[in-house]
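Biologist: Before we discuss the terms used for this model, please show the sequence and the structure.

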Amino acid sequence: MEDNAPLLVVVDAANVVGSVPDGWWRDRRGAAERLRDRLAADGVPGRAGPVDIVLVVEGAARGVESVPGVLVESAPGSGDDHMVDLVARAADDRPVLVVTADRGLRRRVTELGAEVAGPRTVRPV
């Protein structure tokens with residue numbers, strides 16, 4: 001692993017958006033865009049140093065555009081599988097943090113060496 005490589009933060013958009021019952025289900029794409037914009041403005045609170053943020057969207061949120069500071073990736077199938085693939089490709093070269101509350105996803109990415117954190121890491125209530 002490169003010592004100076006920025007932290008890769010992979011955010012499970014559906015899980016983070018779904019963690020707060022604020023009507024997100026009426027406009028999943030809009031909810032993902034609001035999360036993207038919050039990440040672009042605030043980054044990842046409590047994480048010093050440079051970070052690269054990847055927001056993974058799926059389903060009705062596919063097609064959300066990237067903005068400076070946040071790369072948005074539309075999962076071609078399962079969002080969980082796409083995030084596991086991102087972690088598998090990056091974990092040997094840099095530290096990775098996956099933001100999700102999904103137990104199955106947490107298990108899969110920690111087996112690959114990623115750190116995990118819950119939705120409140122990027123979306124305080």
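This is a predicted model: local features need pLDDT of at least 70, side-chain atom pairs count only at pLDDT 80 or more; totals for chains, interfaces and linings use all residues.

Modeller: The space in the largest pocket is about 170 Å³.

Biologist: How many residues of the lining of the largest pocket are nonpolar, polar and charged?

Modeller: The lining has nine nonpolar, one polar and two charged residues.

Biologist: Why is helix 3 called roughly parallel to helix 4?

Modeller: The axes of helix 3 (residues 79–90) and helix 4 (residues 103–110) cross at roughly 20 degrees and come within 10 Å. Angles under 35 degrees count as roughly parallel, and therefore helix 3 is roughly parallel to helix 4. The crossing of helix 3 with helix 4 is right-handed.

Biologist: Which residues make the contact of helix 3 with helix 4?

Modeller: Helix 3 contributes D80, D81, M83, V84 and V87, and helix 4 contributes L105, R108 and V109.

Biologist: What makes up this contact by class?

Modeller: Five nonpolar, no polar and three charged residues form the contact of helix 3 with helix 4. Asp and Arg count as charged, and the contact includes D80, D81 and R108.

Technical notes. Residues are numbered from 1 along each chain as its sequence is written. Side-chain values use heavy atoms; hydrogens and water are left out. On a 1 Å grid over the protein atoms alone, a cavity is a set of points where a 1.4 Å probe fits but cannot get out, and a pocket is an open set with protein on both sides within 12 Å along at least five of seven lines; lining residues have an atom within 4 Å of a point. Grid points are joined across faces, edges and corners, and a volume is the space filled by probe spheres set on the points. Axes are lines fitted to C-alpha atoms, for helices over the stretch in contact, and angles run from 0 to 180 degrees between N-to-C directions. Helices (H or I, at least four residues) and strands (E, at least two) are DSSP runs, numbered from the N terminus. Angles under 35 degrees count as roughly parallel, over 145 as roughly antiparallel, 65 to 115 as roughly perpendicular and the rest as oblique. A crossing is left-handed if the near helix is turned anticlockwise from the far one by less than a right angle, and right-handed if clockwise. Contact means heavy atoms within 4.5 Å.
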